[in-house]
Amino acid sequence: MRARVQKHAMVLLALAALFVAAGCGASGNVGSQKGNLAPDFSLETLEGGAGNLRDYRGKVVVLNFWASWCAPCRAEMPDMQTVYGELREAGLVIVGVNQGESRDEVSAFAREFGLTFPILFDENQGIARQFGVRAYPTTFILDRSGVIRNVIVGGPLTRTALRREVEGLLK
Amino acid sequence: MRGAFLVRQAAALGLLLCVSALPAACARPQARLQATAPATAAAPTVTRRPGPATKGQEAPDFSFQTTDGKTVRLSDYRGKVVLVNLWATWCGPCRMEVPDLVAAYNRYAPRGFTVLAVNQGEERDLVAAFAGQFGIEFPVLLDQDGRIRTNYPYRGIPTSFIVDRNGIVREIWMGNISEEAIKQLVEPLLDA
């Protein structure tokens, strides 16, 4: 009788451990790989004030590391803006993380391309390093709970490709 | 007498044709595999591909000024293994790979390897200072209006194109490259 209770307890414990492990695997692991919870950060925004990644929790986030001197980054900006306009209401946000440029340069660029999504200043490219960015542009697709669902290295991303990345997550 | 001269000339011409055809034959294994193509495909016209740079195909030629004011063409390095690196000083991953490029260059230059670092859109002084700071001895080229992108439509920066001794693109590597990765990619080409 006692042996049976012990056996049941063991099975329950093992199950509990499995659940915990699965939970961690799904979203508890903070990191920059697909399946990881994206690390939070706080950076200054183009509008002024601090922008935190966690502010966008609940939305599908396109986290785009870019610079105006980077040709493929420039090339994908019009489509980024288009998709932002199309899907903002549905819960999409594009967060442009600028790499080391001045406020003047970035605001001129944003005006030129008519960018209206949030732009943050990663002045010493420390956040890019934290996200393991190996080339510019790199784009992370985050679901509504902040988990990295895809990492796209290089560009330019087209409107079609970008919509394909996010549409399933917006549902 | 005259006949013998003609024979000698013909032999010399034949030899010359064979020798000049040799690199083309070596360079294009795919073309040789498709030997069943119509006879017109065998015409010995050598045209330089304008681009885009594609793995397995001849690397489009380019020419830029170096930080020292010399004009350098990719085709000047035919016979060497060349790593064409598209980069900028502002780019973190590019800075990260510079020590690896320098180490690989120092190790393999005596065996016929070079790096051509094609800077994207920056001022000569800034680029020269950067090259000095990192002890770069390979040519640093200035592509001030980013025109290499026409024939080398890179998708991210940095990108490295590895070109073999026959001028064929053998690898396109996006993102920072390590000395170890260069070793894996370049050593077989140096031995070839």
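Q: Why is B:F134 called partly exposed?
A: Its relative accessible area is 24%. Buried means under 20%, exposed over 50%, and partly exposed in between (1.4 Å probe, protein chains only). The value of 24% falls in between, so B:F134 is partly exposed. This is a predicted model, in which local features need pLDDT of at least 70, side-chain atom pairs count only at pLDDT 80 or more, and totals for chains, interfaces and linings use all residues. Residues are numbered from 1 along each chain as its sequence is written, chains are lettered from A and ligands numbered from 1 in the order in which they are written, and side-chain values use heavy atoms, with hydrogens and water left out.

Q: What makes B:F130 buried or exposed?
A: B:F130 has a relative accessible area of 5%. That is under 20%, so B:F130 is buried.

Q: Why is the pair of B:F62 and B:Y152 called edge-to-face?
A: Rings of Phe, Tyr and Trp (its six-membered ring) pair if their centres lie within 6.5 Å; planes under 30 degrees apart count as stacked, over 60 as edge-to-face and the rest as tilted. The centres of B:F62 and B:Y152 are 5.7 Å apart and the planes stand at 80°, so the pair is edge-to-face. B:F62 lies in the loop between helix 2 (29-33) and strand 1 (63-66) of chain B. B:Y152 lies in the loop between strand 5 (140-143) and strand 6 (159-163) of chain B, 90 residues apart from B:F62. Helices (H or I, at least four residues) and strands (E, at least two) are DSSP runs, numbered from the N terminus. Both B:F62 and B:Y152 are buried.

Q: What makes the pair of B:F130 and B:F134 tilted?
A: Their planes make 35°, and their centres are 4.4 Å apart. A search of the whole structure finds 16 aromatic pairs over all chains. In chain A, ring pairs join A:F41, A:F65, A:F131 and A:F140 in a cluster.

Q: How do you know that the charged end of B:R149 sits over the ring of B:Y154?
A: The test asks for NZ of Lys or CZ of Arg within 6 Å of the ring centre and within 35 degrees of the ring normal. For B:R149 the distance to the centre of the B:Y154 ring is 5.9 Å.

Q: Why is A:G146 called buried?
A: A:G146 has 10% relative accessibility, so it counts as buried. The residue lies in the loop between strand 6 (138-142) and strand 7 of chain A. A:G146 touches A:N36, A:L37, A:A38 and A:R57, not counting residues up to four places away in sequence. Contact means heavy atoms within 4.5 Å.

Q: How much area do chain A and chain B bury between them?
A: About 1200 Å², 56% of it on carbon and sulfur atoms. Buried area is the accessible area (1.4 Å probe) that two parts lose on being put together, summed over both. In chain A, A:W69, A:R134 and A:Y136 lose the most area to chain B.
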